[in-house]
Amino acid sequence: MDLQTTIYIGVGLSFALYIGIAIWARAGSTSEFYAAGGSVHPVTNGMATAADWMSAASFISMAGLISNMGYGGGLFLMGWTGGYVLLAMLLAPYLRKFGKFTVPQFIGDRFYSKSASMVAVICLLTASITYIIGQMTGVGVAFSRFLGVSSEVGIYVGMGIVFLYAVFGGMKGITYTQVAQYIVLILAYTVPAIFISLQLTGMPIPQLGLGSNMVGTDVSLLSKLDMVVTDLGFGQYTTTTAGSTLNMFVYTLSLMIGTAGLPHVIMRFFTVPTVKDARSSAGWALVFIAILYTTAPAVAAMAKLNLHGTVNTAVVKGGDLYAEESSIKADDRPDWMKRWEKTGLLKFEDKNGDGRIQYYNDKPKSEEAAAKAEAAGWKGNELTVNADIIVLANPEIALLPNWVIALVAAGGLAAALSTAAGLLMAISSAVSHDLIKNVFVPDISEKNELLAGKIAMAVAIVISGWLGLNPPGFAAGTVALAFGIAASSLFPAIMMGIFSKKMNKEGAIAGMLSGLAITLFYVFAHKGIFFVKGTEYVDMIGGANSFFGITPEAFGAIGALVNFIVAFAVDKVTKEPPEHIQHMVEAVRIPRGSKAVDGAH
């Protein structure tokens, strides 16, 4: 059976499974639509949370970015893992104890203000839509490879499927489909990694293979990779950081606290019956997430080595990387390269007209590498590989069996669809429940509230799909921007809402607005107003990364700091919260022996 047919069957079977589950677990009421009726088992919820968490950015893009950035790419692992722990252990149980379905509901009740709730809705929509842009980029990559079309067409197809999938199921349907999606995506991630680790190091466990010697040699895999990439003019794989040390620190911090403010993951802790179950499911989710996150560095390094080994035979056989015969002939390039060229995500250009492919850093810091390239007659790097395709192309690069490649295609689609659906739920409930029902039309019927939620989903998909056609960065980079927006706006308000009984509504509102405004100002300066190309104003702020060399993806931590400072400053000059609010905050923080705060949908 040929590869494309195998992929169609693999992806088709996985879709049939998801649709079957979605129909079986279809939501019948608003409670089931928004919180799955609050009756999901902790282990099931842990698995669904892991699938919700491991988006296209984690599955498709993260290993690609680590592969491109080397050691510096590890900040995604540190930031997202640390953030999840912060969310699961420090915030989720308290939020769950409030008994509210959504973050705006929590902020509205805790800060006894509809205005605070509305500001939270604005922050949530901004972060969620930016997040979905990243997901739609990933959906486009996955569908383009799956269907053999351009990434633009892939996004259009993905938009339609995500919409149908999220609208029919609601939170109940999404929860049970995410369990199936977790199983598919974790197998899709680990099975190829085991095969490739065995090929390269003889070690079946990829995490250990990363530190093992290459088969038949006494050279470790990472040492070999360092030798290859530095010889070709790239930075050393195991030491290169993402910009300055300060930037790497605030980038990691931004991802970490942004995670804790992300609404679609917080919502998952409302789907279990009790606060104890919320803690338990958070622990299970961490276990399930760790399986993928600890595999990613191995996938990244092995894919990088295999990619270089594919286009330069001296990587595998030894010898001079700059020798003419080391670069493969363009006509002999493997089929997987031709297939990805159709998507526009892999490009080859024969700059020196020698009919061979030279893949190297044509702007190296090393004078030796530059001299070698010039002596060899190389006229510039001829191969461009989008970081987002590394994981999906990995089994093809390693020449693994067709069924493994089909499994990875199904896993990539599962990852992108599961998170996009979770985000759409967060947007839907923010608009229909927090905005329309709580503020504008309090007596809206349940039926019309659900309809409004579905319309909000449709509008969000159209906007994010359109922006996903020209994303502000790779999937993981775009998602990092969303984390920065959540970090600067929602995270401080949630933290202060739980841990500072004296924080009042004026402080919280001023903090959220100032944190969001300054972060968007810096991000839009680099990426364009609302990410529309051509509207950047980076010169106005003194050039790119002008604030101490901090990149826009890392700026969320600075926005959060501004949020805290403004909130406490305003709090000092305005009235304290009412007594009953202060007592409620104290009651929620006591783990045992206190009645949970009453709350209902």
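1. Thr-259. In this predicted model, the side chain of Thr-259 reaches the backbone oxygen of Leu-255 at 2.5 Å. Thr-259 belongs to helix α11, which covers residues 245-260. Is Thr-259 buried or exposed? Its relative accessible area is 0%, so Thr-259 counts as buried.

2. In soluble globular proteins, nonpolar side chains tend to be buried together.

3. Phe-59 and its partners. Neighbours within four places in sequence are left out here. Beyond them, Phe-59 is in contact with Leu-185, Ala-188, Tyr-189, Leu-292, Val-391 and Leu-392, and also with Val-408, Gly-411, Gly-412 and Ala-415.

4. Ser-488. This residue sits in helix α20, residues 475-499. Ser-488 has a relative accessible area of 0%, so Ser-488 is buried. How far apart are the C-alpha atoms of Ser-488 and Gly-559? They are separated by 4.4 Å, although the two residues are 71 residues apart along the chain. Gly-559 is also in contact with Ser-488. Other contacts of Ser-488, again outside four places in sequence, include Gly-515, Leu-516, Thr-519, Gly-556, Ala-560 and Asn-563.

5. His-526. Helix α21 contains His-526. Its relative accessibility is 17%, and buried means under 20%, so His-526 counts as buried. The side chain of His-526 reaches the backbone oxygen of Tyr-522 at 2.9 Å. Which residues outside four places in sequence are in contact with His-526? They are Glu-536, Val-538, Ile-541, Gly-543, Ala-544, Asn-545 and Pro-552.

6. A nonpolar patch on the surface. Nonpolar residues are also found on the outside. Leu-246, Phe-249, Leu-253, Phe-547 and Phe-548 form a nonpolar patch on the surface. Together they have about 500 Å² of accessible area. Where does Phe-548 lie? Phe-548 is in the loop between α21 (505-527) and α22 (556-572). Why is Phe-548 called exposed? Its relative accessible area is 61%, and exposed means over 50%.

7. Trp-284. Helix α13, residues 275-311, holds Trp-284. Trp-284 is partly exposed, with a relative accessible area of 36%. The C-alpha atoms of Trp-284 and Thr-44 are separated by 8.8 Å. Along the chain, these two residues are 240 residues apart. With neighbours within four places in sequence set aside, Trp-284 is in contact with Pro-42, Val-43 and Gly-46.

8. How many salt bridges does a search of the whole structure find? It finds 10. Side chains of opposite charge can pair when their charged atoms come close. Glu-341 and Arg-333 meet through their side chains in a salt bridge, at 2.8 Å from N to O. Glu-341 counts as partly exposed, at 26% relative accessibility. Arg-333 is buried, with a relative accessible area of 16%.

9. Lys-338 is partly exposed, with a relative accessible area of 33%.

10. Lys-363 and Asp-362 form a salt bridge through their side chains, at 3.7 Å from N to O. Lys-363 has a relative accessible area of 68%, so Lys-363 is exposed. Asp-362 is partly exposed, at 32%.

Note on methods
Residues are numbered from 1 along each chain as its sequence is written. This is a predicted model: local features need pLDDT of at least 70, side-chain atom pairs count only at pLDDT 80 or more; totals for chains, interfaces and linings use all residues. Side-chain values use heavy atoms; hydrogens and water are left out. Patches are made of residues with over 30% relative accessible area and no salt bridge: like charges are joined within 9 Å, nonpolar side chains (Val, Leu, Ile, Met, Phe, Trp, Tyr) within 5 Å. Accessible areas come from the Shrake-Rupley method with a 1.4 Å probe; for residues, only the protein chains shown count as cover. A salt bridge is a side-chain nitrogen of Lys or Arg within 4 Å of a carboxyl oxygen of Asp or Glu. Helices (H or I, at least four residues) and strands (E, at least two) are DSSP runs, numbered from the N terminus. Buried means under 20% relative accessible area, exposed over 50%, partly exposed in between (1.4 Å probe, protein chains only). Contact means heavy atoms within 4.5 Å. A polar contact is a pair of N or O atoms within 3.5 Å; within protein, one must be able to donate a hydrogen and the other to accept it, and residues adjacent in sequence count only if both atoms are side-chain atoms.
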